[in-house]
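This report examines a protein structure from its overall form down to single elements. Please keep the sequence and the model in view while reading.

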Amino acid sequence: MSDATTLIENRPPSVAALFLERVAATPDAEAYRYPVPPAAGEGPDEWKSLSWAQAAERVHAIAAGLIELGVQPEQRVALASSTRIEWILADLGIMCAGAATTTIYPQTNADESAFILSDSESKVLVAENAAQLAKAVEKRAELPDLTHVVVIDPAGVESDDFVLTLAELEQRGAARLAQEPELVKDRVGKITRDQLATLIYTSGTTGRPKGVRLPHDNWAYMAKAIAATGLVGPDDVQYLWLPLAHVFGKVLTSGQIEVGHVTAVDGRVDKIIENLPVVQPTYMAAVPRIFEKVYNGVAAKAKAGGAAKYKIFQWAAEVAREYAKVSQDNFRRTGTHSVPFGLGAKHKVADALVYAKIREAFGGNLRACVSGSAALAPEIGYFFAGAGIHILEGYGLTESSAASFVNPGEAYRTGTVGKPLPGTEVRIADDGEILLRGPGIMQGYHKLPEKTAEVLESDGWFHTGDIGELSPDGYLRITDRKKDLIKTSGGKYIAPAEVEGQFKAICPYVSNILVHGADRNFCTALIALDEVAILDWAKENGLEGKAYAEVVAAPRTVELIDGYVKQLNEGLQRWQTIKKFRLLPRDLDVEHGEITPSLKLKRPVVEREYKHLLDEMYDGTREA
């Protein structure tokens, strides 16, 4: 039996138990770093730390406070907050009370928040601030189960029988622990493997979201399996900014507890560029959109620097891609990342001119990034790999506790999502669908047995809805969502995500693209441009001072993007080519429901919203 197997099979029943073990093992070690904005509102944030023992003191107080409010094992406590240290402490407090966390994105509107609170029968809501509290107050009449709201940031909030602050909850908990010191340990000791730990509502593209039931054993398994990959160690520093309401962010908190490394936590996306040189992480997880934005930003900056600078960047980008491909290919065959002398010499020059600056922007210590939630365009992956930013793509779903596959360290292969985590089984169905089985798979959808039966077989195999291929040595490549495959009226199948990814690698101005063509006789695209990049371009091209909507409507901008579409088409099969496109008057966003909070495209929503543009492109036309 391998060490990895032993590690996983000897897992405790819950992450709450793992947390107590971690605190006992390394009480004085640094656990978390978090920013505190300056009192005057000007100047840089001050970063503070919590040791495992200090974190545990707060977690125990929160757990005891919830017990004091009458929260029973498996009862739901909802969390509506952005990613911050209090999110992690509250989630651990909920689990240590034996209760279950219901996650709610802070961007969720009052109606959908009320649906989640009602469907989950949440007893308590931990709300980030007055704005999150207001949603619950507005819908209070529809929420008979909700007895209390605990507010993290007390500004503008008055306490009463229904509302209390997090500080007040912790004071109540500390008072209860003074009377019953073993209260929390006793609750943790009674948690069983199959007890509900987390209820995550997936943002459905149509209809109401479904609650995914993830028991304590899912997270205990994930924690041990992540440790067993050997990708992270106790000396690592993780920068955690992903939304913790999403399963990808949440699983990172479990892995950290098992390994015991430091996590710097700050969910403000607009602070990422500022925070990286301060935090200097050794690893971080992100979604492809972040890498696309960095790549497009570097490309646009080079272009703005004049023709010579842009030529150097393009040359360096090609060298990076070639270097990464040759290096990975050689590692596969020989076990070493060797490259021919000439390529190595070119890479050294490109490193001094371009790559070193990119690594510095990421803080200078980055060993690896994990990318998940959607497919990363291989050309962007190869660029970063060649530049020394190693992006390990992974794969999983809310229903599989996020991390089912990840690329194995040095042996990573760009364009694949790597190998299954120890303890996870995979097989490819006859129609190409990826099926998964293992300790990370959900119990089912909350109160939806028919929906559960559609995806979960009686012998434990879960239907992911994704199409993929396995290499002979076990690397998985995702080709598309089963339901997103386009079949043209000519009978040809197209994977839109593949075409979209290629365009993102070519065009430095794109933010989002949707390829359309189901039951049509040719493909079209809806393209949203990155506001910062295209407005910078506009300044240099006679469109200075014009608003975004005016810039994208300008013939010169359409001509610019048309050049990139033609470049894309050169590398596609005839039936995949984009015959027509339209530039959208604004970027797609979470607020309009066009992308999920984890930045995935909601195709049906976008196609419905811009039906008039799609119809216009097909109106009375034939394939060009």
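## Basis and overall form

Accessible areas come from the Shrake-Rupley method with a 1.4 Å probe, and for residues only the protein chains shown count as cover. By that method the protein chain exposes about 26100 Å², of which carbon and sulfur atoms supply 51%. This is a predicted model, in which local features need pLDDT of at least 70 and side-chain atom pairs count only at pLDDT 80 or more, while totals for chains, interfaces and linings use all residues. Residues are numbered from 1 along each chain as its sequence is written, and side-chain values use heavy atoms, with hydrogens and water left out.

For 624 residues, a compact globule would have a radius of gyration near 25 Å, and the protein chain agrees with its 25 Å. This radius is taken over C-alpha atoms, and the globule rule is 2.2 Å times the number of residues to the power 0.38. Buried residues (under 20% relative accessible area, with a 1.4 Å probe and protein chains only) make up 55% of the 624 residues.

## Secondary structure and the sheet

The protein chain contains 22 helices and 26 strands. Helices (H or I, at least four residues) and strands (E, at least two) are DSSP runs, numbered from the N terminus.

An open sheet of mixed pairing is formed by 9 strands in the order β2-β1-β11-β10-β12-β13-β14-β15-β16. At its edges stand β2 (46-51) and β16 (419-420); each has a single partner strand, so one side of each is left without a neighbour in the sheet. Two strands pair if DSSP finds at least two bridges between them. Strands β10 (residues 237-240) and β12 (residues 283-286) run parallel and are joined by 2 bridges; Tyr-239 has Met-284 in β12 as its bridge partner.

## Helix α13

Buried residues of α13 include Tyr-310, Phe-313, Arg-321 and Phe-331. The buried residues of α13 pack against α12 (288-304), α14 (341-361), α15 (378-386), α17 (496-506) and α20 (555-570), where contact means heavy atoms within 4.5 Å. After α13 comes Gly-335, with a positive phi near 85 degrees.

## Helix α22

In α22 (residues 611-618), Leu-613, Leu-614, Met-617 and Tyr-618 are buried. They cover an arc of only 130 degrees around the axis, which puts them on the same side of α22. The arc is that of the directions from the helix axis to the C-beta atoms.

Notes. Buried < 20%, exposed > 50% of the residue type's maximum accessible area, 1.4 Å probe, protein only.
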